[in-house]
Amino acid sequence: MGRGGVLDLAVRWAAPQGCLTLDVVHRFSDPQYARISLAMRTGEPLGTGGEPTGERRGADTVAASGGVFDALVARDQIRIYPSEAERTQALAVRAAASIIGGQDGVLVMADTREQVGALNGAIRDRLVAAGQVQDTAAITTQAGERIGVGDRVATRRNDRALQVANRDTWTLTVIADDGTATLTGSTGQQVVLPPSYVRQHVELAYASTSYGAQGETTSVGHLLLGEHTGAAGAYVGMTRGRDTNIAHLVAESIEDARAQWVGAFSRDRADLGPAHAARLAAGEAHNYAPQRPQEQVLAEVYRAWTTEADLSERLAATQVLRDQLAQVVAIRAGSDPQLARLDTAAENAWAAADHARTRADQAAASIKADAGRIGGALRGRWDNDYPAASAAAQRIRGGSGRFGRHRGDVRQARVHLQDWAQTWRPVLAQLPAGVDELAAAMPYTATFALHQAITDHAQNTAEQAHPDHRQLGAAALSAAAAAHEAHQARSAAAGSLSRRLVGFGNLAYTDDPTGRLAETEHAAAELSDQVRRARERVGALRQEPAIRTLPPGRLQTERENWQAQRAEAQEATDSHGEWLAATAATTRVHLKEPVSPTPDRGRGQGIER
């Protein structure tokens, strides 16, 4: 079979007897598909029996590639979708179902990093919804991906000290509070990675580029084939699965899909070694306008990578804000109407209590005024009547004298004292009933008892003139109790809401969370579009001759160098921020009174009635 890569170089220096030519494909469980894969690689047409004819047909590769496509259609190994979104979602459903079902031998491949990112995100969303992946304490990487416990991830930078290599795949099993992550390999080996490595060099690995899948062998392979796919990438993507390999295309018809397939296999043949790749790159570069200086294009690539990364970070932060706002909106959608009803109920209860207390106070004021007036009149009458009553008592005590000369005066004094006592007995109930006893008790000098008796009598008389005052007082007490109960119900609901929103900070008390959510969703959509354009810019730069003619692996080295520079710049920014925070801490102005983190959301909050 064909050879590629380093073997193409080695065969040039080996003696003829030291080379063996393999003519049987052993990767696949289906011999017929093995023969089709050879036709994909070599560009030979298929014979009537489904085997490569061995003929090189030069420019007639269209017919050869079309024959392979027809054979795959007959074998149900071609899937067609009306849109990119539907293709992505369909593959996400397939991949997530296989993972949930414990079928690890499924590999999804695409030609571009953007497609891989979209697939990884869609697959992960389904795994999170199914409870297969935990998203509550997820880490957001510098590439804008969220990774959590249960995610399948890949390490993308060699680090001997951490015992990880580029493109090693793992399952994330533990995330510490400081962002340290524990990864578990397929054989049970574990590594512990610091937060900086996780953010910068760990990515989701549910899907891969065809380039990254080279050397992989799995049970089932799924390839997204499109306008950027070349023959090398298509061949790799369609030869990873032992049992099944399926190509997925966005096309209007089977004829359109066939044209895309033929176009992909016409752009480049499979990997036939670095010399072959260099010749093809140089040949295509010749067709472009005058080649720009390599350093100039690389500098633009660096800037494009930075723009893409900055936008991706902003998008990730905006998406986090959007997700938090969505949770706040969902929580407050059920709580705000209830709080509004309880606020209204409390307001009405306090208003009713105030009205009832006002009526009771008005009745009490009237009674007080009447009691004062009645008491004053009684004291005036006492001051006016008492001297004559006291004189009558004295005449009675003196008796009628010798020979009864004062008998008539005594008789009149007894009548007068009896009348006086009859008048004042409702006020002074303790007055003796008999005239002689009353005369003996005079003069009446208990001034405090007299004052209190007059006051009590005046109060009772005034209250009898206002028979509704007791009902008004009881109504006021009842209304106040109802108001306190309504306030407690509102406070309990507000406390419950605060506990549910405690993790959202000031965001929880946004005046219009629904409106802000809409704004954030719009901002996220705009940023997504900017990220897409930034990635397209990176893709366009990678197609320039100065980049396409770079030695193999050079662009990846440049990417790693850019990542290191970005990490250093970020660390410098973080250090400066820490210095500013420390400086601010030494000059912090303390408020005289603490400020509550949660605003007063209704009448009566924090007010004792």
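Two strands count as paired if DSSP finds at least two bridges between them. Helices (H or I, at least four residues) and strands (E, at least two) are DSSP runs, numbered from the N terminus. The model is predicted, so local features need pLDDT of at least 70 and side-chain atom pairs count only at pLDDT 80 or more, while totals for chains, interfaces and linings use all residues. Residues are numbered from 1 along each chain as its sequence is written, and side-chain values use heavy atoms, with hydrogens and water left out.

**View 1. Pairing of β1 with β12.** Strand β1 runs parallel to β12 (residues 241-250), and four bridges join them. Isoleucine 80 has leucine 249 of β12 as its bridge partner.

**View 2. The open sheet.** Five strands with parallel pairing form an open sheet in the order β1-β12-β11-β2-β10. From one strand to the next, the twist averages 25 degrees.

**View 3. Helix α4 on the sheet.** Helix α4 (residues 84-100) lies across β1, β2 (106-110), β11 (218-224) and β12, and runs at about 155 degrees to β12. Axes are lines fitted to C-alpha atoms, for helices over the stretch in contact (heavy atoms within 4.5 Å); angles run from 0 to 180 degrees between N-to-C directions.

View 4. Arginine 332 lies in helix α10 (residues 294-398). A polar atom of the arginine 332 side chain lies 2.9 Å from the backbone oxygen of alanine 508.

Notes: Polar contact = N/O pair within 3.5 Å; in protein donor to acceptor, adjacent residues only side chain to side chain.
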